[in-house]
Amino acid sequence: MANYLSMVLLQTVFKDELAAVKKILNDEHTADVVFPYAPAYNVVFNLFVEDGRPVTWPIQQAVEFIQPVFSALKNYANFKISSQTHYYSKLQSEPSLNGDGTARVIPQTDLATFINYGEWNLNTHDIAPSINFLNDNGSKLVYRISESELEPVFDIFASQLFELLGVPKAPLSPFLRVDAFHRVATLKNMKRALSNLKALLKISSSLHGISIPESTRANVISSLENYDKVVELLQNNDFEASVAFAAKSVTKSDEAFFEKEMVQQAYFPSEHKLAVFLPLLGPICSIVFFGLIKYLRSRKASRKESETSELGKKEI
């Protein structure tokens, strides 16, 4: 019975989690589209409305519907939620096929009403990565979107958010999936933190003349302290807290590796600076060299002239 339960757990409940862990340990690349880890994400809910009709939608109530998802992921990252409404106009006529039927063409007369989708402002002017969810109200003659209409849409958004973050697809329970995600994310961030610190050590060892800024040293120490805390929490099976400290560890390692002064020294070593300034030193040195030769010749001629003058005086 125990063997049967173990087999069921490994092949159903923990199947996707074990597969993800194996890929991380073996450095295998995955075809899944997953957002890289960031301390914060901008989650933007966009409503597209046709023909500029005023429309109201209970976005606050809808966000409360999906709020348990963000609460479950609060130890992983900080999610900043916002919403936008975009208005667009429909083309007066549908694009027609060109002569050979390989492309659709918009007549020049319709270009005045054409809106480039690429110009829609889906950015939040924030350095944090943005996750945009789109809801198109289309040409429906609905001026008010009810909360009941948004609930299934936001249910889809929650599933898409899980997929974008890399939450395992099994088991079906979202709570078990989030727990599995915490363990996978912890391992992934721990490995990334170690990779950053190893790369930093390699750079500092290979470039003997490089100086380590105090901020880099402090970030390295903080990253290692958080890493040790993760190990301690994992030994106590506290996966929810471990994902938070793993996030802090990788964040501090990123700050140490990408510290401004370290990056400048890594990508602009002494040899590079010499190669940059050598073309400038050449003309300067040549001017000084030829000026020195001219000065020595002038002094030699002056000395010779002085000796000749003194010799003439003695003869007189």
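Ser-242 is found in helix α7, which covers residues 239-257. The model is predicted. Ser-242 has a relative accessible area of 0% and is therefore buried, the cut-off being under 20%. Beyond its neighbours within four places in sequence, Ser-242 is in contact with Thr-186, Val-230, Leu-233 and Leu-234.

Helix α6 was examined next. The helix runs over residues 214-235 and contains 22 residues. At 1.5 Å a residue it should span 32 Å. The C-alpha atoms at its ends are 32 Å apart, so expectation and model agree. The spacing has a simple basis. An α-helix has 3.6 residues a turn, so positions three or four places apart point the same way. After α6 comes Asn-237, with a positive phi near 60 degrees.

Five salt bridges are present in the structure. One of them joins Asp-27 to Lys-191, with 2.5 Å between the closest N and O atoms. This pair links distant parts of the chain, 164 residues apart. Asp-27 lies in the loop between α2 (15-25) and β1 (40-50), whereas Lys-191 belongs to helix α5 (residues 174-206). Asp-27 has a relative accessible area of 56% and so is exposed. Lys-191, at 29%, is partly exposed.

Glu-214 and Arg-217 meet through their side chains at 3.1 Å, N to O. Both residues lie in α6, three residues apart, about one turn of the helix. Glu-214 counts as exposed because its relative accessibility is 54%, and the threshold is over 50%. Arg-217 has a relative accessible area of 48% and is partly exposed.

The side chains of Glu-232 and Lys-229 form another salt bridge, at 4.0 Å from N to O. Here too both residues lie in α6, three residues apart, about one turn of the helix. Glu-232 is partly exposed, with a relative accessible area of 40%. Lys-229 is also partly exposed, at 29%.

Terms used. Residues are numbered from 1 along each chain as its sequence is written. This is a predicted model: local features need pLDDT of at least 70, side-chain atom pairs count only at pLDDT 80 or more; totals for chains, interfaces and linings use all residues. Side-chain values use heavy atoms; hydrogens and water are left out. Helices (H or I, at least four residues) and strands (E, at least two) are DSSP runs, numbered from the N terminus. The expected span of a helix is 1.5 Å times one less than its number of residues. Buried means under 20% relative accessible area, exposed over 50%, partly exposed in between (1.4 Å probe, protein chains only). Contact means heavy atoms within 4.5 Å.
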